[in-house]
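Open your viewer and get ready to select as you read.

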Amino acid sequence: MARTLSDPGGGAKEQNRLLLVATKRSFTIIVYALLIALAFSMIFPYLWMLANSFKSRTDFFTNPYSVIPMPPTLSTYYDALTIGRMGVYLGNSILYAAAVLVVQLFIDSLAAYSFARVDFPGREALFLAVLATLMLPGSVTLIPTFLIAHGLGLTNTFTGVVLPGFAGAFGIFLLRQFFLNIPRELEDAARIDGSGFFGTYWRIMLPLAKPAMVTLGVFIFLNEWSSFVWPLIILSDWKKYPVTVGIALFRDVNQINWPAVFAGSTIVSFPIVILFVLAQEYIIGGISLSGLKG
Amino acid sequence: MTTLAQPSQPVQSRASRQRELWKRVRKTWPGYLFISPAGLLITVFSYIAIIFSLYISFHQYDIISEARPFEGLENYTRALSDKLVRIGFRNTFIYVIVIVPSITIISLMLAVLGNQVRRGRALFRTVFFIPTITPIVVTSMLWVWLYEPTGGINRLLQMMNVEGPNWLFNPKTALPAIMIMTIWGAVGYYMIIFLAGLAEIPEVFYEAAKVDGAGRWHTFWNITIPLLRNSLIFAFVTLTIAAFQVFTQVFIMTQGGPMNSTQTVQMVVYHYAFQRFEMGYASAISWLLFGVIFFFSALQLKLFISRELY
């Protein structure tokens, strides 16, 4: 700025430059204002949810939109866990998510390694057959999957909930892509040391694929935790419901007790928030990747 | 075995080719073993499932009765004249036509704006992303509360001196209410996709545009949009496929009501399959939906790719 003042001859040119700086600055301010306003619209419903989950019923009915509960209470959480049976649902969801996470990671990575590195006849065709299932809309497979599970005697069972999630075409695709980029020399060394295909997979490839496995693992967990339609259809006993179906049921029978429903919703969202904080880079990296590859 | 192979033979005989194949199989058989768990699951829950679905769509099929007579195209013709199915398709079309461009445009705008700011970029990204990872059941319930007659949305409107409707109980506003909530919940995800696409655009292009004296708008249309093409196609196609199958938010927020104004195809499929147990008929409807989805994704890909992609 000092330079502009000491510059005597600049006249109109200088004015133009200042105008440009001013418009640039006001543009930045507008951008920030817009982003902040939108960010508030994203976060505010959650703040309300959290605040209301600590409100007594009278407090909620008199001040449903205050952000500070007066006085804060934990009885809503007690209600959610007892009347709402959220504790049972939470345990089920953890079980379902853990089972699908572990088994799918193993099955997907084993298949992905095979597709990437074992040169068996028919490999390309079989891989294409796997990829093609990504195009199938879930809407078409929902009814037959239910009928197959029913035929296998899996309705209303733990296995019925998790079995269809034990393999994923997307996971196989993602991990294969990763395995293809690992230098072959690393395996050759293992091969010379007498490792078979499985030994190479288990001791060399899996440890190297850790970042990809974590990314996929986070996606599998998020997916299973949020899954609603499948458990809703396959289960009929509330003792086996995951949190998503459970909270929906709780709201249906407890329309008036919003604070307890909010407490339940907070319980459902909590593990997700923790996971997101811990694995944000993996989640965002994974989504970015799927967009670029597509 | 190897002694029989004739390396000098100019044209490989059928027999020797087969022997070669066998040799490869014998060396690589664990490959089949490794893909077999995944292969078995995918075969059962995708390939057998889809064939089974097609099969029962030509039959009268429920899980209770033993008699499952072949009906030919009966289920399909019935679906075409079913009023509920027609309402479902109409609402789903409206939903797709509004949702897909809205989410694409808003998330693209968010990504471009987010790219402009330096301070707090990561924070914005995080905040916009939160609705995306929250289970849709939870966000739907949250919005049911926000849409109450004296709820958060209407209070906000009141501040601007607008009287808000009873969103979810008015046939005119229920579907738009669900669409607004869905847009709110999805833009963060596609913003991440576009931010990744933007990061791939070499800085040189922008510098060149600056040298040529191109304005912001000009740069956006002539550099950003064409170079984001891959991300745009991905967003558009995946959004369309997902939007056609909308279910959970409708199930939680309105159950298809009021007066069927939010009935979607997937809701109708669910209704016939799991409330009335007409599995064959419901499968036929789901195949009609599949046909529509297939047609539109193929059309989109053809339109985009014919304009010289890659």
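Here is a short tour, one selection at a time.

This is a predicted model, in which local features need pLDDT of at least 70 and side-chain atom pairs count only at pLDDT 80 or more, while totals for chains, interfaces and linings use all residues. Residues are numbered from 1 along each chain as its sequence is written, with chains lettered from A and ligands numbered from 1 in the order in which they are written.

**Annotated segments.** Start with residues 94-113 of chain A, one of the spans that an unreviewed UniProt entry lists as "transmembrane region"; such annotations may be inferred rather than shown by experiment. This span is 100% helix, and its end C-alpha atoms are 28 Å apart. (Helices are DSSP runs of H or I, at least four residues, numbered from the N terminus.) Next, select residues 174-198 of chain B, among the spans with that annotation in the unreviewed entry for chain B. They are also 100% helix, with end C-alpha atoms 36 Å apart.

**Between the chains.** Now show both chains: 69 residues of chain A are in contact (C-beta atoms, placed from the backbone, within 7 Å) with 70 residues of chain B. Helix H15 (residues 258-293) of chain A gives the largest share of chain A's side, 13 residues.

Finally, pick Ala111(A). Beyond its neighbours within four places in sequence, Ala111(A) is in contact with Ile172(A), Phe34(B), Ile35(B) and Ala38(B).

Notes
Two residues are in contact if their C-beta atoms, placed from the backbone, lie within 7 Å. Helices (H or I, at least four residues) and strands (E, at least two) are DSSP runs, numbered from the N terminus.
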